[in-house]
Amino acid sequence: QVQIVQSGGGLVHSGGSLRLSCAVSEFTIKGYQMNWYRRAPRKERELVATILSSDNDTNYADSVKGRFTILRDNAKNTVFLQMNSLNPEDTAVYYCHIPILNRWGQGTQVTVSS
């Protein structure tokens with residue numbers, strides 16, 4: 001059974017950085033689209049970043065463009081979300097998502113203090 005384990009969230013000051021991890025087992029992520037979403041309090045779920053079948057093909061929400069980077073390590077079967085220059089508006093629960101399976105990670109809380 002496919003398992004998705006997220007890690008790397010936490011509390012950080014404005015301007016800081018965090019790196020989220022999404023480790024997948026029983027499914028090889030190489031060549032498949034992977035997404036990172038977030039859900040902030042009282043807001044709709046937002047697609048933050050996507051990596052397509054090619055590791056060099058990525059898309060970002062305008063709100064994070066230039067600050068966040070989605071990366072895939074095929075050897076570790078893990079997707080990362082590197083988040084830099086964080087601000088309080090980035091506070092949310094972040095979810096890893098495998099579209100072809102419609103499977104979700106458990107969510108990771110990211111809190112950015114001003």
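Residues are numbered from 1 along each chain as its sequence is written, and side-chain values use heavy atoms, with hydrogens and water left out. Because this is a predicted model, local features need pLDDT of at least 70 and side-chain atom pairs count only at pLDDT 80 or more, while totals for chains, interfaces and linings use all residues.

**View 1. A disulfide joins C22 to C96.**
The structure holds 1 disulfide (a pair of cysteine sulfur atoms within 2.5 Å). Here the S to S distance is 2.0 Å, and with -70° about the S-S bond the link is left-handed. C22 lies in strand β3 (residues 18-25) and C96 in strand β9 (residues 92-98), so the pair ties together parts that are 74 residues apart in sequence. Strands (E, at least two residues) are DSSP runs, numbered from the N terminus. C22 is buried, with a relative accessible area of 0%, and C96 is buried with a value of 0% too; buried means under 20% relative accessible area, using a 1.4 Å probe and protein chains only.

**View 2. Strand β3 pairs with β1 and with β8.**
Two strands pair if DSSP finds at least two bridges between them. Strand β1 (residues 3-7) runs antiparallel to β3, and 5 bridges join them; look for I4 standing opposite V24. Between β3 and β8 there are 6 bridges, again in an antiparallel arrangement.

**View 3. V24 is a member of the largest nonpolar core.**
A nonpolar core is a set of buried Ala, Val, Leu, Ile, Met, Phe, Trp, Tyr and Cys residues joined through side-chain atoms within 4.5 Å. Leaving aside residues up to four places away in sequence, V24 touches V2, Q3, I4, I29, M34, N77 and I98, where contact means heavy atoms within 4.5 Å.

**View 4. T91 lies in the loop between β8 (78-83) and β9.**
Start at the side chain of T91: one of its polar atoms lies 3.0 Å from the backbone oxygen of P88. The backbone nitrogen of V112 lies 2.9 Å from a polar atom of that side chain. Not counting residues up to four places away in sequence, T91 touches A40, P41, Q109, V110, T111 and V112.

Terms used:
Helices (H or I, at least four residues) and strands (E, at least two) are DSSP runs, numbered from the N terminus. Buried means under 20% relative accessible area, exposed over 50%, partly exposed in between (1.4 Å probe, protein chains only). A polar contact is a pair of N or O atoms within 3.5 Å; within protein, one must be able to donate a hydrogen and the other to accept it, and residues adjacent in sequence count only if both atoms are side-chain atoms.
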